[in-house]
Amino acid sequence: MSWRQTKDAPFFVGYLNAVPKPLVTFLAVFSLCFAGGLGLAALALSSTQNDPGNGGFQWGNRFEHVGLLELRPYPVLRVPADGDTPARTYMLAGQGKRGVFEQAEANKGSPVSLRGVPVNRGDLTMIQVGGVEAAEARFEGGFPSDAVPLGRWKLTGEICDGKCYAGAMRPGRGLAHKACANLCLTGGIPPVFVSSGDVKGRNFFLMADSDGKLLGDELKPLLALYIEVEGDVEQLDDLMVFKADLSTARVLK
Amino acid sequence: MSVQYMPVIWNRNKIVYDAVLLIAVALYLYVYIRVGPAFEDVTRPIDGAILRMRAFGSCAFLMLTVILCIGPLARLDRRFLPLLYNRRHFGVMTAVIAAVHANYVLGWYFNFSPTDQYVALLSSNTNYGQILGFPFEAFGIAALLILLVLAATSHDFWLSFLGAPIWKALHMFIYAAYACVVLHVALGALQGPGDPIFTALVAASVVLVSGLHFVTGRMEAKRDRGEQTAQASLQEQGWVIAGDLDEIDDTCAKVVTLSDDERVAIFKYDGKLSAITNACAHQNGPLGEGKVLWGCITCPWHGYQYNLADGRAPAPFTEKISTYRLKLVGSTILLDPNALPPGTHVNPIEFGGDS
Ligand code: HEM
Ligand code: FES
């Protein structure tokens, strides 16, 4: 059996403007299916995006507080109790994909007034620092308090960069975001562990290594994956710190 | 068949083709970016830059899928042939859309950092040893580079500059690009939280592209086997029985397969017969599936033309293809399987009558 051209078959020659009638109909139908199909695919793909959560910059709610900058081991601002509000500890990030280690080193141990914009998602708040100035202040009443150890935990979840996950990018998590998160952490943004179970009602943690020191490249292969890892949890005011023992980490999926 | 290379020679068909393409792409992007989000069920919308990046990425992927289906579809049903005519514009547009996708990625995921964007793209994730968390961007980069090279060399100038075999081989890399894109999404977007629709679409694309190529491959193989009679029937003096006069429609051809890469088209016109190679000098289009228009063989792909008696394109064009000698015994056509040098004049066989 072989195919052969026939005298009556419509024959299209691109540079002739006249297109045989049966072909015009066929091509018109094809064009409609092509455009319509693309439109439908776009609607299906776009309308079923996964929920990136409720994180975001709180532009209307500027942050300005006096407190102490500490490295735990990432920069945090500790704000004393004020009337009914208990003492709080805020994670800090710089503009873009930068940390605030320089400011924290420069002002370590002395009171500062810190301005910035909160990035917030549920209980997780990170401050994008705008400016840090030395402040006149006296702290009393046992401030700042020591970290309270909460024992050893095995947690499952994802290591994210704290700023994107808090809502600087939506969605700021997941494998597609891995390279971006790597870049954030390299720039000095604190990593957070987003756990699927909670410890005392909290399910995100500022991360440190098992000695409470800075994490480095050993984090990279685990970032943005669903993992299980053991470590000690301690509480700094309202912030949980997870001293993860990465040698126990296991990728679950 | 152009003596002089114009950037693009426009005519109504090309304009309509490109218009349909542009409208479909614009519709896709508009629906994805503007209409779709209104139907999303999310606490807060995803970032605009990410939405646009996904819109352009998935658009390029779907366009690539359609491009790769046009070839086999045109083999299965000749009515798809006109889609092949302007396919290069389709390819160039796909490369542009993919480049926009990559640009959004650079300007969002790899921006706002002390590290240079391009350095960040290549250095942020280097976990090449793991499957989960593999730097899937690398496959995207490879695919984009291929698409850009193919787009840049798509013009006929490059075809004649590089020569058809090299140009063809180069453009076969479109399949490598497709494979890279599939890996790019399989190791990236598809590993994220379950997205059944995108997963189904990617799977459908892979099945469609490979399925159509498989089916047409089988079909061509079967056709060639049917033609083996011609090979097997080598007669004394080396003539091959090419078939019967009545098998061929007027102004049309019959294709005889001599070997895997040698096919001969025997044309019937004005009570005469002429034989030429089946491969067009332009892009190896199947001349035997063309027709005789104004006394010239006309290729079904892009309409290149050749004189029947000597296989030379009419002046001022200079393409030449091989011719073959024929003999008629009764109504049986005999073919001399030895190709003559391109452009050799052979007197057509006259069989009288204009049937
Ligand atoms: C330099 C080259 C490229 C880079 C850096 C790149 C990067 C990325 C990134 C980071 C994502 C994940 C986006 C997300 O889901 O948040 C992605 C998704 C995607 N990319 Fe690329 N890409 C490149 C080239 C390409 C090319 C050439 C194509 C297709 C022809 C392509 C098609 C796609 C598709 C279909 C998606 C999935 C979109 C979705 O989630 O709906 N990419 N790319
Ligand atoms: S292959 Fe392009 S005209 Fe023949």
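Guide: Here is a walk along the interface, then into the ligand site, with a few backbone details at the end. Keep in mind that this is a predicted model.

Let's start with the contact itself. Chain B puts 81 residues into it and chain A puts in 63. Together the two chains bury about 6500 Å², and 65% of that sits on carbon and sulfur atoms. On the polar side, 24 residue pairs are in polar contact between chain B and chain A, counting pairs with both residues at pLDDT 80 or more. As for which parts of chain B do the touching, the elements giving two or more residues are helix H1 (12-35), helix H2 (48-76), helix H3 (81-85), helix H4 (87-108), helix H10 (196-226) and strand S5 (291-293). H1(B) gives the most, with 10 residues. Sort the chain B residues that touch chain A by type and you get 42 nonpolar, 22 polar and 17 charged.

What about salt bridges? The rule finds 1 across this interface. A:Arg170 and B:Asp47 make it through their side chains, at 3.8 Å from N to O. Have a look at the backbone there too: the peptide bond from A:Arg170 to A:Pro171 is cis, with omega near -5 degrees. A:Pro171 belongs to the loop between helix H3 (162-168) and helix H4 (178-186) of chain A.

Now for the ligand. Ligand 1 has residues of both chain A and chain B around it, so the site is shared between chains. The shell holds 25 residues, and the closest are B:Met53, B:Arg54, B:His101, B:Tyr109 and B:His184. Three of these names come with distances you can check on screen. The side chain of B:Arg54 has an N or O atom 3.1 Å from an oxygen atom of ligand 1. B:Tyr109 places a polar side-chain atom 2.7 Å from an oxygen atom of the ligand.

H2(B) gives the most, with 6 residues. H2 and H4 of chain B are also among the elements that touch chain A. By type, the shell around ligand 1 divides into 18 nonpolar, 5 polar and 2 charged residues.

Back in chain A, there is another cis peptide bond to find, joining A:Arg72 and A:Pro73, with omega about -15 degrees. A:Pro73 lies in the loop between strand S2 (63-71) and strand S3 (75-79) of that chain. A:Arg72 is also one of the residues touched by A:Leu236, along with A:Arg78, A:Thr89, A:Ala147 and A:Val241, leaving aside residues up to four places away in sequence. A:Leu236 itself is in strand S10 (residues 226-236) of chain A, and it counts as buried because its relative accessibility is 0%.

One last stop, in chain B: B:Asp270 has a positive phi, near 45 degrees, though it isn't a glycine. This residue is in the loop between strand S3 (262-269) and strand S4 (272-277), and its relative accessibility of 56% makes it exposed.

Technical notes: Residues numbered from 1 in each chain as written. Chains lettered and ligands numbered in written order. Predicted model: local features only at pLDDT ≥ 70, side-chain atom pairs only at ≥ 80, totals over all residues. Heavy atoms only, no water. Contact = heavy atoms within 4.5 Å. Buried area = accessible area lost by both parts, 1.4 Å probe. Salt bridge = Lys/Arg side-chain N within 4 Å of Asp/Glu carboxyl O. Polar contact = N/O pair within 3.5 Å; in protein donor to acceptor, adjacent residues only side chain to side chain. Helix = DSSP H or I, 4+ residues; strand = E, 2+ residues; numbered from the N terminus. Nonpolar A, V, L, I, M, F, W, Y, C, P; charged D, E, K, R; others polar. Near = heavy atom within 4 Å. Buried < 20%, exposed > 50% of the residue type's maximum accessible area, 1.4 Å probe, protein only.
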